[in-house]
Amino acid sequence: MPLGTLDRNPPPFFKQGTSALTKLIIFSFVSMALMLADQRYNLVQPARWVLSIIIYPVQWVALRPQVAWYDLGDIFEGKQDVLDNLQAAKAQLLTQSVRTSQLEQLELENRHLRELLELRQRMPTPSLAAEVLYEAGDPYTRKMVLDKGALNGVVQGSPVMDEQGILGQITRVHPLVSEITLVTDREHSIPVLNTRTGARGVAFGESGGAPLLELRYMATNADIEVDDVLTTSGVDGVYPPGIPVAKVVKVERRADSVFARILCESLARVQGARHVMVLAPVKLPLASPPLEHAAPVVQHKGGRR
């Protein structure tokens, strides 16, 4: 082929058609026409419905991850809310329980204090209200420590009682505190009177493990029964007469012994007492010894004989 017949113009890379400006004008006009027709005659509404029906499954599938994420977040958030509410409810329940316990304790203390005040008004003996600090740690003795001492007027030997009866006796006094030996201590004894029969006796602290008293030296045929109430007789000059001490809970009459074994339960709270009343010891006046008749003194003029 001769060289002069070759086309020296480069071939176009893309097929050239309608210009871009022309396309813009045409599509803009069509768009405006469709918008005007849809606004006036709703011509595009059926097509929109059909298109929405076709696209809905795609939208539903595309939204599943987002919906699942939101549902998972709601689950964890709801669980956390439930846990928080449960924790708050437990804390509130604990607070209410503590307040209820404190209220019950206050009601119990108020009742005991009212009973002590009523008892104090009935008894002519001078008394002093005190509070039990703690019980002695010695397992072989039964003692308590009060918050009142010598500076408050407590003296050694003073009887101590609660609203139910005699609790014990002051056996050691310090300036600020004092120590009670309970009626159930094995070293303690107290004269008592059987309110049913009028028989007198002496009750000792039981040496066994139970906090009881033993009414000793009572004959086997003595008239004493279970549930008999023992009160202070007042013959010792320490305890005022007529204060409840104990109740008989067991009577053993053995043929090989001349004395009955009588166990009594203290009417006062020897375990768990909180508020008590310290009484002044009853000092019974002793009778003066009779005066001996002195021999007459005869005086003589010369002196005495």
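A salt bridge is a side-chain nitrogen of Lys or Arg within 4 Å of a carboxyl oxygen of Asp or Glu. Searching the whole structure turns up nine of them.

Before going on, a bit of background: this is a predicted model, in which local features need pLDDT of at least 70 and side-chain atom pairs count only at pLDDT 80 or more, while totals for chains, interfaces and linings use all residues. Residues are numbered from 1 along each chain as its sequence is written, and side-chain values use heavy atoms, with hydrogens and water left out.

## A group of linked residues

Let's start with R216 and E214, whose side chains meet in a salt bridge, 3.5 Å from N to O. How accessible are these two? R216 has a relative accessibility of 25% and counts as partly exposed, whereas E214, at 14%, counts as buried. Here buried means under 20% relative accessible area, exposed means over 50%, and partly exposed is in between (1.4 Å probe, protein chains only).

E214 also has R261 as a partner: their closest N and O atoms are 3.6 Å apart in another salt bridge. R261 lies in strand β11 and E214 in strand β8 (residues 212–216), so the pair ties together parts that are 47 residues apart in sequence. Strands (E, at least two residues) and helices (H or I, at least four) are DSSP runs, numbered from the N terminus. R261 is partly exposed, with 23% relative accessibility.

Which residue does R269 pair with? R269 forms a salt bridge with E163, and the closest N and O atoms are 2.5 Å apart. R269 sits in the loop between β11 (261–266) and β12 (275–279), and E163 in the loop between β3 (159–161) and β4 (166–173), so this pair ties together parts that are 106 residues apart in sequence.

As for accessibility, R269 is partly exposed at 23% relative accessible area, but E163 is buried at 11%.

## I180, tucked into a strand

Now for a residue in strand β5 (residues 178–182): I180. Is I180 buried or exposed? With a relative accessibility of 0%, I180 counts as buried.

What surrounds I180? Leaving aside neighbours within four places in sequence, I180 is in contact (heavy atoms within 4.5 Å) with R142, K143, M144, L146, V160, G168, Q169, I170 and T171. Take Q169 from that list: I180 and Q169 are eleven residues apart in sequence, and 5.3 Å apart in space, C-alpha to C-alpha.
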